[in-house]
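Please open the model in a viewer and keep the selection panel at hand.

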Amino acid sequence: MTPLLELRGLEVGFRNRHGELARAVDGVDLTVDHGEVLALVGESGCGKTTLARTIVGLERPDAGEVRFEGEPIGRSARALRAYRRRVQMVFQDPSGALNPRQTIYEAVAEGVRIQGAEGSEEQLVAEALRRAGLRPPERFYPLYPYEVSGGQRQRVVIAGAMVVKPSLLVADEPVSSLDASVRGEILHLMLRLVHETGVSILVVTHDLGLAWNIADRVAVMYLGRIVEQGTTEELLGAPRHPYTAALLSVVPEAARLEPQILTGETPDPARIPAGCRFHPRCPLYASGEAARLGIDERCRTVDPALAPVRDSGQRAACHATAVTAAVAG
Amino acid sequence: MTPLLSVRDLHVTYAGGVPAVRGVSLDLEAGETLGLAGESGSGKTTLGHALLRLLPRGTAVTGEVLLDGEDVLAMKPGRLRAVRWTDLAIVFQGALHSLNPVQRIGAQIGEAIELHEPRLGRGEVRGRVAELLDLVGIPDRRAEDYPHQLSGGQRQRVLIALALACKPRLLIADEPTTALDVMVQAQVLRLLDQLQRELGLAVLFITHDLSTLASVCRRLAVMYAGRIVEEGPSHDVFAAPAHPYTQALAAAFPVIGDPAFRMNPSGLPGDPPDPRDLPGGCPFHPRCPKALAECPTLDVELWPAGPDRLAACCLVLPGVRSA
């Protein structure tokens with residue numbers, strides 16, 4: 001079956017202030033299926049937000065393509081408009097995403113007016129608010145964003161995205177600015193929307209716990225590239241890329257693991273290391289394990305492709321995994 | 001033995017009558033770590049600032065903050081200045097913006113040392129700066145850098161170095177890792193843990209992230225609506241919370257690999273209460289999944305809830321629990 005969304009060899013770069021090309025997204029292949037929740041996980045600077053913005057048409061790829069329902073997305077204004085009605089974005093900070101001088105009714109109705117959904121505007125707004133858990137909807141119509149709580153604001157943002165009945169929601173850190181006790185309720189809402197409307201969700205996050213909570217599949221991004229992907233159970237149960245293993249080991253909730261604290265921070269995307277982009281921080285490389293396996297030369301010189309891992313449905317971009325099919329967690 | 005820090009019935013009310021802290025008592029021994037967890041508006045940051053008297057003018061503060069038995073709240077300005085940084089230091093929340101952007105980081109740390117030890121020579125100060133940077137894992141050549149030349153994690157390390165400049169015995173760390181990536185967060189937490197052991201520091205760790213606190217602190221106190229609602233050894237509190245609020249908060253941090261959390265995010269209906277408009281009785285009752293008929297009127301104080309544990313919930317009261 002054709003996936004809902006398919007990225008092929010996607011590349012997006014920016015010039016930094018020194019005029020160097022920063023390869024924020026550096027060759028990404030990824031699919032999102034109908035009714036699926038995919039978590040795109042990575043640290044800041046890994047390119048996950050740029051990837052999300054490119055998917056919704058806010059950035060133009062330098063190479064590769066975004067295909068939606070089997071067709072490349074058009075570049076004409078008309079084609080983009082039709083596409084944006086199908087693909088809606090939910091931003092990180094609900095306070096910044098809402099116009100403070102617009103009532104909640106206006107905020108949600110705006111999508112209907114711009115995108116031109118079918119049906120009576122008031123009914124659509126009421127349904128979207130009700131679905132987002134803001135009941136009774138009429139009570140929220142005249143309120144301004146500052147008059148509701150942070151959790152309710154994020155519900156308004158989600159209602160505004162869902163009002164045009166999209167096929168895909170791209171949510172960039174949808175709960176990271178919310179209090180812990182409120183976070184679960186919003187995640188719960190996202191799962192319910194998938195069940196009730198069949199919408200697919202690409203959720204961009206740094207939070208592996210969130211992935212465990214709601215995602216069917218996880219893709220891990222490092223320096224512009226997907227380094228591992230698989231079903232949530234497989235990937236978080238038995239990570240096959242040393243970067244995933246390290247990320248998982250420092251999550252306090254996964255405290256059973258010996259923490260592998262990587263040194264340094266994500267390198268500059270304008271200076272992507274040669275060979276495997278992760279090798280300068282890789283615990284397998286640093287510990288001499290790569291040398292023992294006789295692959296250290298390859299780690300330094302050959303850029304590993306995202307390849308299927310033996311005996312699992314996962315894919316990982318790691319020379320060591322290709323040899324051993326396992327990474328010690 | 002007198003604890004290093006002993007807070008007795010602290011109340012903080014902001015100008016305009018907003019009660020942010022409503023009767024908090026806690027003790028911290030020398031070299032001990034205490035985690036203070038709470039959501040926005042719970043009063044945890046206000047409490048941290050009150051200990052150093054950093055609150056805005058017009059804020060009413062009552063109770064006692066005893067540092068080695070001496071009340072910080074009653075100190076004269078000169079004495080307070082001496083105590084700040086040398087006994088009691090703070091790493092602020094949003095720290096990434098609290099460094100001076102136009103001063104080299106070495107000079108910023110040096111300034112703090114000179115202020116408290118004016119007799120030190122230039123070379124000695126420079127030596128101390130290098131030592132401090134080394135302590136937090138930053139090469140001392142970076143002393144010549146400006147804050148913008150450092151990454152987020154490095155700036156956080158500089159702020160920790162700054163807080164340690166005058167060898168305090170108690171460090172208040174207010175959300176020291178919130179804006180950082182998971183890996184960098186792990187680096188900073190390991191650093192704080194190592195410093196705490198090596199220097200015998202007492203640390204009051206303030207954050208909304210209960211799971212982090214459980215992994216780095218020996219004891220844990222949970223705040224809700226300006227009060228401590230549960231306190232005890234952190235492992236016990238996180239693994240078997242007594243207060244329904246702590247139970248909900250702990251459930252909000254999923255255990256990866258645990259089927260109970262798979263496709264099952266857990267939260268609480270409603271939002272943290274507005275300090276300007278607190279519900280009557282137990283302030284948690286409108287959101288409490290286990291509220292009893294008396295909860296809207298009965299305001300419960302901290303009550304023994306097992307060995308070395310306290311909880312402010314009528315469910316832990318004898319008689320109610322068995323019912």
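**A strand and its neighbours**

Begin by selecting A:Asp172 together with A:Val204, its bridge partner in β8(A). The coordinates belong to a predicted model.

One pair to display here is A:Gln88 with A:Leu169, its bridge partner in β7(A).

With β7(A) still selected, show its side chains. A:Leu168, A:Val170 and A:Asp172 point one way, whereas A:Leu169 and A:Ala171 point the other way, and all are buried. Since five of the five residues of β7(A) are buried, the strand is largely enclosed by the rest of the structure.

**A pair of helices**

Move to helix α4 (residues 104-115) and helix α7 (residues 150-162) of chain A. How do their axes cross, and within what distance do they come? The axes come within 7 Å and cross at roughly 30°. An angle under 35 degrees counts as roughly parallel, so α4(A) is roughly parallel to α7(A). The crossing of α4(A) past α7(A) is right-handed.

Finally, select the residues that meet: A:Ile104, A:Ala107, A:Val108 and A:Gly111 from α4(A), and A:Val156, A:Ala159 and A:Gly160 from α7(A).

Note on methods
Residues are numbered from 1 along each chain as its sequence is written. Chains are lettered from A and ligands numbered from 1 in the order in which they are written. This is a predicted model: local features need pLDDT of at least 70, side-chain atom pairs count only at pLDDT 80 or more; totals for chains, interfaces and linings use all residues. A residue is buried if 20 or more other C-beta atoms lie within 10 Å of its own, exposed if 12 or fewer, and partly exposed in between; C-beta atoms are placed from the backbone. Helices (H or I, at least four residues) and strands (E, at least two) are DSSP runs, numbered from the N terminus. Two strands pair if DSSP finds at least two bridges between them. Axes are lines fitted to C-alpha atoms, for helices over the stretch in contact, and angles run from 0 to 180 degrees between N-to-C directions. Angles under 35 degrees count as roughly parallel, over 145 as roughly antiparallel, 65 to 115 as roughly perpendicular and the rest as oblique. A crossing is left-handed if the near helix is turned anticlockwise from the far one by less than a right angle, and right-handed if clockwise. Two residues are in contact if their C-beta atoms, placed from the backbone, lie within 7 Å.
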